[in-house]
Amino acid sequence: MQQPHESHEIPPGCPAHGNVRMYGPSFGADPDSHYAQLRSHGPSAPVDIAPDVEVELVTSYDAALYILQNPASFVRDSRRWNALNEGRVPADSPALPMMAYRPNALLSDGAAHARLRRAVTDSLATVNEHQLIRQTQQSANYLISQFSTDIRGHAELMAEYAQPLPLLVFSELFGCPPEIGDRVIAGISGLFEGTPGSDEVLGGALTELIALKRRRPTDDLTTRLMEHPAELNDEEILHQLVTLLSGGTAPLAAVIGTSSALYLGEDWPLGLPVEDAISQTLWNYAPIANYAAHYPTHDVELGGRVIRANDPILISFAAANTDPKLTEHREQLSAKAHLAFGAGPHACPAKDPAFMIAVTAVETLLNQLHDVELRVPFKSLTWAPSPWSRTLVTLPIRFTPKPVAQGSGAAGSVTSTGSASSAWPAGSTAGRTPQQQAADASPAGPSGTQAPGAQQPKGGLFSRFLAWTRGE
């Protein structure tokens, strides 16, 4: 592959018309055909990542790796973005929340990046592996207990398991008390559902969490960030928390859902372990599909195309991982050679804990529901039409219902016959079909098993989970 190199040529005219659209139902239904079309133009091509937002999308593994590993020529600070500075990006563009500058490690460069990154990586390094597995198992057991007694033996695994599970684990890791944890979860959930005001909800909850930890530090990741020698101020801590929470939970939910679907799918070879399903997901269904905007510090050439300095170059992790040029030697590559966690100085600092959480989540599901299976073929599952992520909309499963038991939920018995629609924040429709939403609104609840007039536990998801762990 021809590596990017400095060029003094100026790209001709205005942006090309007829760019491939990387959003909407057509893209969501078949992203691979879009990537194949783009590869015909070389290692990268201009695309519309959102209406009226053009970027250069890299689909070549080699080119992606080169850019990710060369921070001197390709920086992350989006305040350089030409079109944004020239007023050519709509103020309400859905690309802005994903690409606009924030003072965090992800979007910083040089010494500023090194300082923030060190605080994050050092704090994450203190996470106890065994404790993390226990927290994940406990969260998984709680969520399963909420739908496993459905008399139909049906559940929707994305909304009732894959999506809320990382939120529970992260809320514990960051030391959220119940009420703040509820609002953190509601805020993150709302961000990904497009609920107005969610950013304010999340920011307000995290601001309170930071103030609380200043007054009463405890053994958690928030406190460790505060006590790090880098001496982050409250604003910096807030933005690192937003990045870790929102940037960690949604991709992890996608991995848990897709890996579960693969393992339960009709084509999965018997005997292959859960770890293989996780690895295959990271290679073939990268949860962060197209992201990591870079801004060249000078005009560069990619496969004969000149990209101006400060025009955004996005990495298609999904396309790079499935680059046909890798096919002939894919088996010789390390299982971790995929780019799902990025590469270079901005690679995901939590890739090992994330892999561990995903494996534990899928294994716990299989251990708790021994005969669980998909209700539709894997190839019939629907994917979200987002350019940024590769995640299932729904994951319908069936299983033999567990008998209703009395006693402590934390001890492993079930305290409620309600479905885990109660696990997701109240009013949420994440991953729910219109039929499921209608069922949720019925007096019988989504599973049809709840007795008339039955009272749901008070509080949001995290409050209910903590009460369950205490046997309440």
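This is a predicted model: local features need pLDDT of at least 70, side-chain atom pairs count only at pLDDT 80 or more; totals for chains, interfaces and linings use all residues.
**Aromatic pairs**

The rule pairs rings of Phe, Tyr and Trp (its six-membered ring) if their centres lie within 6.5 Å; planes under 30 degrees apart count as stacked, over 60 as edge-to-face and the rest as tilted. I then looked up Y291 and W388, which form an edge-to-face pair at 6.4 Å centre to centre, with 85° between the planes. Y291 belongs to strand β6 (residues 290-296) and W388 to the loop between β10 (373-374) and β11 (396-398), so the pair ties together parts that are 97 residues apart in sequence. Helices (H or I, at least four residues) and strands (E, at least two) are DSSP runs, numbered from the N terminus.

Are Y291 and W388 buried or exposed? I found Y291 buried at a relative accessible area of 18%, and W388 buried at 11%. Buried means under 20% relative accessible area, exposed over 50%, partly exposed in between (1.4 Å probe, protein chains only). I also noted one aromatic cluster formed by Y142, F462, F465 and W468.

**Basis of the entries**

Residues are numbered from 1 along each chain as its sequence is written, and side-chain values use heavy atoms, with hydrogens and water left out. Local features need pLDDT of at least 70 and side-chain atom pairs count only at pLDDT 80 or more, while totals for chains, interfaces and linings use all residues.

**Charges over rings**

I looked for arginines over aromatic faces. The charged end of R79 sits over the ring of Y101, 3.8 Å from its centre. R390 lies over the face of W383, 3.9 Å from the ring centre. The criterion requires NZ of Lys or CZ of Arg within 6 Å of the ring centre and within 35 degrees of the ring normal.

**Cysteines**

I searched the whole structure for disulfides (a pair of cysteine sulfur atoms within 2.5 Å) and found 0. C176 is buried, with a relative accessible area of 9%, whereas C348 is partly exposed at 26%.

**The sheet of 6 strands**

I traced an open sheet of 6 strands in the order β1-β2-β3-β9-β6-β4, with mixed pairing. Strands β1 (20-21) and β4 (74-75) stand at the edges with a single partner strand each, so one side of each is left without a neighbour in the sheet. Two strands pair if DSSP finds at least two bridges between them.

How many bridges join β2 to β3? I found 6 between β2 (residues 44-50) and β3 (residues 53-58), which run antiparallel. Among the facing residues, S44 has V58 of β3 as its bridge partner, and V47 stands opposite V55 in β3. The two strands form a hairpin with 2 residues between them, and D52 in the turn has a positive phi of about 65°.

I next followed β3 to β9, to which it is joined in parallel by 3 bridges; here E56 stands opposite I313 in β9. Of the 6 residues of β3, 5 are buried. Helix α3 (residues 61-68) lies across β3, β4, β6 and β9 (313-316), and runs at about 125° to β9.

**The sheet of 3 strands**

I found an open sheet of 3 strands in the order β5-β11-β10, with antiparallel pairing. Its edges are β5 (154-156) and β10, each with a single partner strand, so one side of each is left without a neighbour in the sheet. Strands β10 and β11 pair over 2 bridges, and L374 stands opposite I397 in β11.

Terms used: Contact means heavy atoms within 4.5 Å. Axes are lines fitted to C-alpha atoms, for helices over the stretch in contact, and angles run from 0 to 180 degrees between N-to-C directions.
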